[in-house]
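This note is meant for a reader who meets the structure for the first time. Please read the numbered points with the sequence and the model at hand.

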Amino acid sequence: MKKTLTLLFLTMIVFALILSGCGKKAKKGDREIIVAAISEPDSVDVHRTSSMGDANSALYDALMKYDDDGNIVGNLVKEYTVSPDGKEVTFELKEGVEFHSGKPVNAEAVKASFERLMESSPFKTNAGDISKIEVVSEYVFKLTWNEPFAPFFTNSTSNYLSPIDVSVLDSNGEGFEKNPSATGALKLVEIKRGDSLVYEPSDKYDWGPDGPGFDKVTFRFIPDEETRILEFKKGNVDVLGSVPYQYIEELEKEEGVTIVRVPNYVLSYLGWNNKKPIFQDVRVRQAIAMAIDRDSIITNTFRGEAKPVFGPLPPATFGYNEKIEEMARNKYARDLDKAKQLLSEAGWKDTNKDGIVMKDGNPFKVDMWVDNDPANQRAAQIIQSQLREIGIDLSISVKESATIIEQTPQGAHEMLLWSFGWLDADVLNFLLFGDGKSTRLHYEVEEIYSLLEKGAVEMDQEKRLKLYEDAQKLLVEQSPWVPLYVKENITAIRNFEEFEIHPRRNLIIWQNVKVAK
Amino acid sequence: MKQLDGVNGPVVYVEVETKTYSKYRSFWKKLKKNKGALVGAGILLFFITMSTLAPVIGPYPVNEMMFEDSLQGPSAKHWLGTDEFGRDLYTRMLYGGRVSLLMGLVAVSISGTIGVILGVIAGYYRRLDMYIMQFMDILMAFPSLLMAIAIVSILGVGLTNAMIAVAISVIPSFVRVVRGSVLSVRETEYVEASRALGVKDGKIIIKHILPNVASPIIVLATIQFGSSILSAAALSFLGLGAQPPNPEWGALVYVGKSFLSQAWWMMLFPGLAIMLVVLGFNLLGDGLRDALDPRLK
Amino acid sequence: MSSYLLKRLLTMGVTLIGVSLLVFFMIHLVPGNPVTYILGDFATEESIKELESRLGLDRPIFTQYAAYMLNAVQGDLGTSYITGYTVVEEILNRIPITAQLALYSVAFGSIIGIMMGIIAAVKQNTIFDQMAMLVALVGISAPGFWIALFLILLFSYQLGIFPISGYSGFYSLILPSITLGLGTAGTIARMTRSSMLDVIKQDYIRTAQAKGASLYRLIFHHSLQNALIPVVTVIGMQFGYLMAGAVVTETVFALPGLGSLVVSAISTRDIPTVQGLLLFMASMIILANFVVDLLYTKLDPRIRFD
């Protein structure tokens with residue numbers, strides 16, 4: 001028996017020694033940047049992943065981009081011409097651009113990339129209903145749509161439409177995630193599943209006269225918030241994205257730490273299922289909007305690091321209109337008396353003096369869904385206490401995002417605290433208020449969605465803006481939801497001479513990153 | 001037959017009665033001598049009293065936000081400090097104790113009831129034994145927390161569902177213990193005698209089997225009470241249990257975690273409370289085991 | 001013995017099939033399917049249907065199950081819809097971390113637990129005994145996630161002795177192993193104490209004591225060997241506990257192991273990964289229990305199964 005035990009322990013020790021041999025971490029180099037990220041991207045393949053963030057989008061470079069004034073101009077594309085009927089667009093590519101693999105980025109390559117997108121990407125709707133992709137000459141290609149598709153240009157500033165190098169794919173059209181090649185600033189060097197992604201600056205990328213300001217970028221995935229912050233404070237991490245708001249002040253005091261603030265393009269909103277009888281009366285919807293005090297939420301959950309938004313679109317999105325924002329702000333500034341009055345006009349009165357309004361003997365009780373982000377849960381609690389002030393009894397249900405995404409289209413929810421982020425006003429159509437597409441809010445009104453549908457096919461920018469202005473006016477009036485705020489995107493950095501985050505896309509601009517000596 | 005029954009019945013009854021009576025006395029004597037059990041009972045009594053009296057002794061309203069008092073450390077005004085909305089942590093923990101203890105109680109009641117029924121069936125009706133135990137083996141092949149996470153994913157996040165999930169993951173341990181005890185009691189002379197006399201199964205189970213398997217059930221329930229609170233807290237910690245603004249202790253730790261380096265009290269005290277209560281149940285459970293049935297380990 | 005073995009193997013097979021059925025149908029009950037998760041805001045009826053058929057999710061559930069099991073038997077647990085990695089690849093990638101974590105925490109738990117158990121048994125009913133048993137109970141009662149954060153705060157952040165998070169060899173696994181091993185240590189200490197006490201009471205020890213054998217000899221030569229038999233069982237039983245504990249511990253310490261994978265896979269509704277992992281973990285637990293049973297008979301010749 002003694003032998004057996006000794007043997008058992010010996011095996012265990014040998015096993016342990018073998019195991020601990022694997023995976024030693026190399027010492028960090030001088031010009032290496034370590035970025036702490038919350039979660040590993042599910043894939044680095046842009047045609048597969050459900051989340052584009054810093055850790056996978058630097059592989060790609062977009063066809064179009066925003067200039068400093070917020071206009072859309074060519075990036076990989078030099079010029080483009082739109083046919084008179086708006087259904088055909090001819091693009092001329094810049095010459096001499098190469099993929100990470102060294103293959104040229106020409107019309108053939110872009111065509112092949114679009115073909116893979118159309119064939120197998122779940123996100124092909126971003127390219128519109130393309131009927132034909134043609135190679136005109138070595139650097140010129142032509143796209144033809146069945147219907148004009150106005151959002152294409154905004155969408156092509158995102159990486160969803162970026163060209164990928166299909167020559168690295170295997171015979172099944174897969175395998176990209178292990179050996180990706182595209183045109184972005186960073187080239188993938190190593191994948192340690194569940195732990196990190198290692199990149200180096202691509203030698204095919206135009207870094208300007210001084211070359212890249214760093215030699216290596218490692219994205220480390222640390223799901224736990226506190227662990228991530230401690231790693232940064234300890235100096236093991238150079239870039240800490242999405243800093244929790246309560247830590248900003250503390251990190252600012254640390255030596256050598258700079259806080260970079262960029263307004264997020266994501267608009268948080270308080271929505272509800274407009275098909276539910278309780279939300280049929282516009283006065284009830286308006287009363288809810290008037291009960292919300294955005295400033296209190298922003299001060300007490302985001303430490304002031306958010307900007308209130310009253311209108312349907314956030315400033316970063318094409319179609320945002322200051323007149324609309326102004327109008328909404330005047331209409332829905334917090335006014336408890338007016339809110340109570342509207343409720344009582346709609347028949348909701350606090351008859352039994354318990355603080356909750358009632359109609360036909362039923363108290364105003366609603367349930368609100370919120371995801372498991374701690375800051376959103378704090379905001380939910382403040383909204384709960386604000387609605388309580390006009391006599392609405394709100395309960396909070398935490399749901400996983402996957403559940404919210406699946407169940408809201410079926411209308412299983414009453415209220416929800418949710419958000420959207422899209423750079424084109426077409427989002428009002430394809431996600432929020434389109435005919436048969438209002439998956440989160442279930443608000444489909446012909447006079448609104450007909451305007452939105454016209455906007456999607458209108459190739460003239462001025463006319464397009466006017467259509468969205470009209471639609472937004474109606475939305476402000478009807479109040480089918482309460483837009484809340486755009487959070488500030490907070491990044492803490494250390495040891496950089498230069499560092500920049502794109503104001504619209506919220507991604508690190510690697511050309512403008514330089515580590516301190 | 002009828003006469004025999006009349007003669008034998010009361011005799012057995014009286015025997016059991018005296019046995020139980022003397023058992024009780026020695027039980028109390030042993031329990032009182034066990035310091036650990038007394039400490040455990042003391043801890044539990046303290047927490048139960050405090051949470052029951054929460055509305056009376058809680059110095060502040062449980063959910064009222066006082067933004068100007070947010071993140072205050074422990075002081076004379078706020079004994080255990082305040083949270084991110086300026087809510088008094090002491091008050092919230094008093095109310096949270098109700099939720100945590102109730103979660104444990106519900107989880108143990110559900111799993112105990114189902115576990116005892118299945119365990120008795122498995123132990124008594126040997127034909128069904130194989131199937132039930134096979135099913136329990138399947139359930140036991142899953143780590144309990146993972147099982148609970150999976151169940152919560154199906155039922156949806158929330159307090160009730162977390163309780164159900166914890167309860168289901170605890171059932172197999174009840175079934176095993178009860179079945180084992182039933183098997184040993186089943187072979188005893190008086191049960192065999194009753195069976196021979198044609199006493200109905202239900203009567204045998206209620207009269208003879210259950211009283212004799214009560215001790216291990218009580219011990220196990222006490223210990224599982226504690227570990228259910230722990231599992232429920234772990235679920236809340238992963239964001240799958242109690243919903244805000246519910247002050248369940250695990251949820252308080254989860255929220256406190258976000259403020260660890262600025263407001264250590266928000267995480268320390270609720271965690272400490274969980275540990276103490278679980279410790280209390282374990283101490284009491286140990287004491288009960290020693291007093292009720294020293295053979296059980 | 002061999003007929004017992006056969007019977008045992010048979011039930012193991014049945015259990016495994018049951019486990020696979022339970023896993024498969026449980027996962028298909030989870031609301032939020034991978035298709036809507038992948039598509040997110042871009043989900044349209046058409047795109048949902050198309051992706052479902054590409055992933056084979058539109059087939060009847062029994063067909064899916066049969067196809068899955070057929071592949072699983074051949075060692076193919078499927079390919080993640082989202083990451084493009086095969087599940088076997090993912091498990092192999094991550095198993096070293098979880099295995100090491102389990103091993104170290106069992107080692108930590110056993111060493112501390114057995115030591116505490118011996119002290120408590122030898123000094124029975126003294127203050128040492130009571131303190132050791134109290135510490136053991138505290139180890140069992142403390143929430144692991146809570147202990148972990150305070151350990152990080154003290155040893156990694158304040159004192160800088162250990163890395164805060166991530167995997168960088170043995171050193172980075174010390175704190176996670178302690179977190180995970182505390183409960184094990186407590187359980188083993190209690191078990192060691194009680195089985196030591198049982199052995200000490202037995203006649204041959206008393207005889208040896210009467211003959212004037214030294215205390216050291218008594219503990220290590222006579223009592224401990226026999227007392228360790230039930231302890232080995234407990235160590236085997238801890239396997240399932242460790243797997244569950246790894247879920248929380250790996251999340252807090254950002255370790256790329258099986259536990260953290262299962263949590264992230266559940267939240268992204270990555271069905272093949274969750275399915276494969278649960279099946280794998282359950283199989284390991286079943287196997288561990290089997291090995292424990294066998295060891296038990298090997299270690300104690302008095303025990304025989306019929």
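1. A residue is called buried if 20 or more other C-beta atoms lie within 10 Å of its own, exposed if 12 or fewer do, and partly exposed in between, with C-beta atoms placed from the backbone. By that criterion, 49% of the 517 residues in chain A are buried.

2. The model is predicted: local features need pLDDT of at least 70, side-chain atom pairs count only at pLDDT 80 or more, and totals for chains, interfaces and linings use all residues. Residues are numbered from 1 along each chain as its sequence is written, while chains are lettered from A and ligands numbered from 1 in the order in which they are written.

3. Chain A holds 15 helices and 21 strands; helices (H or I, at least four residues) and strands (E, at least two) are DSSP runs, numbered from the N terminus. With a radius of gyration of 26 Å, close to the 24 Å that the globule rule gives for 517 residues, chain A is therefore as compact as a globular protein of that length. This radius is taken over C-alpha atoms, and the rule is 2.2 Å times the number of residues to the power 0.38. The C-alpha trace of chain A spans about 80 × 75 × 50 Å along its principal axes.

4. Two residues are in contact if their C-beta atoms, placed from the backbone, lie within 7 Å. Of the contacts in chain A between residues at least 6 apart in sequence, 65% join residues at least 24 apart.

5. Confidence is expressed as pLDDT, the predictor's own value for each residue, from 0 to 100. Chain A has a mean of 90, and 95% of its residues reach 70 or more. Within chain A, helix 1 (residues 2–21) has the lowest confidence, at a mean of 55, and helix 7 (residues 282–291) the highest, at 97. Over residues 21–26 of chain A the pLDDT is below 50, and this stretch has 7 contacts in the model beyond near neighbours in sequence. Where pLDDT is low, the predicted coordinates should not be read in detail.

6. Two strands pair if DSSP finds at least two bridges between them. Strand 1 (residues 32–37) of chain A runs parallel to strand 10 (residues 216–221) of chain A, joined by 6 bridges, and parallel to strand 11 (residues 239–240) of chain A, joined by 2 bridges. Ala36(A) stands opposite Arg220(A) in strand 10 of chain A and opposite Leu240(A) in strand 11 of chain A.

7. Strand 6 (residues 130–137) of chain A has 8 residues, of which the number buried is 0, so this strand lies largely in the open. Its antiparallel pairing with strand 7 (residues 140–145) of chain A runs over 6 bridges. The two strands form a hairpin with 2 residues between them, and Ser137(A) has Val140(A) as its bridge partner in strand 7 of chain A.

8. The contact between chains A and B takes 19 residues from chain A and 17 residues from chain B. On the chain A side, helix 5 (225–234), helix 11 (374–388) and strand 17 (393–398) of chain A each give two or more residues. Helix 11 of chain A gives the most, with 6 residues.

9. Chain C places 47 residues in contact with 45 residues of chain A. Helix 5 of chain C gives the most to the side of chain C that touches chain A, with 7 residues.
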